[in-house]
Each structure stands twice: as structure tokens, then as C-alpha cells.
Amino acid sequence: MLPGLRIQPAPALAPTHLVEAFRDVVTPHISDSIGRHIGARGLKRYNQTGKLVGTALTVKTRPGDNLFIYKAMTLIQPGHVLVIDAQGDTRNAVIGELIKLYAQKRGCVGFVVNGAIRDVASFDSTPCYALDVIHCGPYKSGPGEINVPVSIGGMLVNPGDIVVGDEDGVVAFAQEHAEELLAAARTHAAHEERIKVEIATGNPQQSWLDAVLEKHGLTV
């Protein structure tokens, strides 16, 4: 089938041990470990509590239309994150409370939307990232695509990618890189903990600070 109107099978879920492991990893440490340029930009976090970790089930839809989101919901398995590329349009919300409730019943653990949502209060404790909020509802005429690569705030998300979201934003990466990335993020976290200990000494002479300044010839 030609691009523009495709429905692919639901991606395999990430292993449970990896999903659980990334619950303790903050997005800045993931971002710092993958070059500091991979991750969604411009999205707002609409939940007040909760960490997002799950497997991407992707949807690409015509701006302001959610017909293929309806179809995608029938493919959700427990642990999927509904990742929706509404092409950055914020004139019509593509999901709201009813979609949230139904998707959750099927096991959806969160939403990432390159577009707008509505019924924002209903997402207070449900992980949700979107560009904006608008009262205007969607149309249902299509077309769209399901489980194809999508662009979310400048970040490419493939079906089956692991998605992690917290107070600082959202990142996604292939399952094949998860173990290596987990180790790198943990190493980075340990490095920052050592810096915190040094800062706590109150010593104005800090090795981590001096190292950066020396590298750029800015020491006295």
C-alpha cells in the first residue's frame, strides 16, 4: 500500500525489565547520553503527576482529524504509548477525555501529540505531552497512517521505540539501544552525584568547574 493510507501491525512491546529500569532514569540523562540533540522540542506536559515509560504505537493523521486515531486505539496493548503526529496543527484537538479513557482501558500508558488536545483537566494524572490545548474538536474523515515513522517536535519516532517522559520533556529511542543507553545514563547520573557531593563541601575551588574552564583556556 502506498504511503498516506497505511495500517501496519502493532509493534512488539519493550521487555518489562527495560520499561521498569527506565522509570528511574530522568530524561536529561538520556538526552545527554545521545548527543543532546535528540528529543522532542516544543511540547508541553499536561499531567501533574506520573512518569511516562512505554512502547510507541504511532499514528500520522491529517491536521485536525482523528479517524485513524480511532482505528489505532483498537490495536493498543497494555504498555503502549499513543504517539500521534497531527502535523503540528493546533486549530482542532485530536484527542480528549473520551479517547483518553478508552485508550487507558486498553492499557495505554500515555500520550504524545504533535498537535492539540482538549479536556485538559482529565489528563492531570495521565502522562500527556502536546503542543497546545483548544476547545475545538476534530473531524473524522481521514486519511492517515498507523505504525509508521512519525515526527514529534523534531524527533523521529518509530513504532516500537521506547518513549520516556518526565517533567523535563520526552525522548524516544530504539529498543536495540536501550541496554547501552541505560548504562550510559546511569554512569552520567553517578557522575552528577559526585559533583553534588563536591558542591556540598562549600569549597569555591571545584574540580568539575575548573576542568571545563581549563579546557577552554578560561582559568586565571
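Modeller: Helices (H or I, at least four residues) and strands (E, at least two) are DSSP runs, numbered from the N terminus. This is a predicted model: local features need pLDDT of at least 70, side-chain atom pairs count only at pLDDT 80 or more, and totals for chains, interfaces and linings use all residues. Residues are numbered from 1 along each chain as its sequence is written, while side-chain values use heavy atoms, with hydrogens and water left out.

Colleague: How many helices and strands are there in the protein chain?

Modeller: The C-alpha atoms of the protein chain fill a box of roughly 65 × 35 × 30 Å along the principal axes. The DSSP runs within the chain come to six helices and 11 strands.

Colleague: What percentage of the residues of the protein chain count as buried?

Modeller: A residue is buried under 20% relative accessible area, exposed over 50%, and partly exposed in between (1.4 Å probe, protein chains only). By that rule, the buried part of the 220 residues is 45%.

Colleague: Which elements each supply at least two residues of the lining of the largest pocket?

Modeller: On a 1 Å grid over the protein atoms alone, a pocket is an open set of points where a 1.4 Å probe fits, with protein on both sides within 12 Å along at least five of seven lines; lining residues have an atom within 4 Å of a point. The largest pocket holds about 180 Å³ of space, and among its 16 lining residues, Gly39, Ala40, Asp168, Gly169 and Val170 are the closest to its centre. The elements that each supply at least two lining residues are α2 (27–33) and β11 (169–173).

Colleague: How do the residues of that lining divide into nonpolar, polar and charged?

Modeller: Ala, Val, Leu, Ile, Met, Phe, Trp, Tyr, Cys and Pro count as nonpolar, Asp, Glu, Lys and Arg as charged, and the others, Gly among them, as polar. For the lining of the largest pocket, the division is seven nonpolar, six polar and three charged.

Colleague: Which residues does Thr27 touch, apart from those up to four places away in sequence?

Modeller: Thr27 has its place in helix α2 and counts as buried because its relative accessibility is 4%. Contact means heavy atoms within 4.5 Å. By that cut-off, Thr27 touches Val164, Gly165, Asp166, Asp168, Gly169 and Val171.

Colleague: Is Val171 buried or exposed?

Modeller: Val171 is in strand β11. Beyond four places in sequence, Val171 touches Thr27, Ile30, Ile38, Gly39, Met155, Ile162, Val163 and Val164. Since its relative accessibility is 4%, Val171 counts as buried.

Colleague: How far apart in space are Gly110 and Gly165, C-alpha to C-alpha?

Modeller: Gly110 lies in strand β5 (residues 110–117) and counts as buried because its relative accessibility is 0%. Beyond four places in sequence, Gly110 touches Leu52, His80, Val81, Leu82 and Pro127. Gly110 and Gly165 are 55 residues apart in sequence, and their distance in space is 9.2 Å.

Colleague: How many disulfides does the structure hold?

Modeller: A disulfide is a pair of cysteine sulfur atoms within 2.5 Å. The closest cysteine sulfur to that of Cys108 is in Cys128, 9.6 Å away, so the two are too far apart for a bond. Cys136 is in no disulfide either, its nearest cysteine sulfur being that of Cys128, 17 Å away. The number of disulfides in the structure is zero.

Colleague: What relative accessibility does Cys136 have?

Modeller: Cys108 is buried, with a relative accessible area of 7%. Cys136 counts as partly exposed, with a relative accessibility of 28%.

Terms used. Grid points are joined across faces, edges and corners, and a volume is the space filled by probe spheres set on the points.
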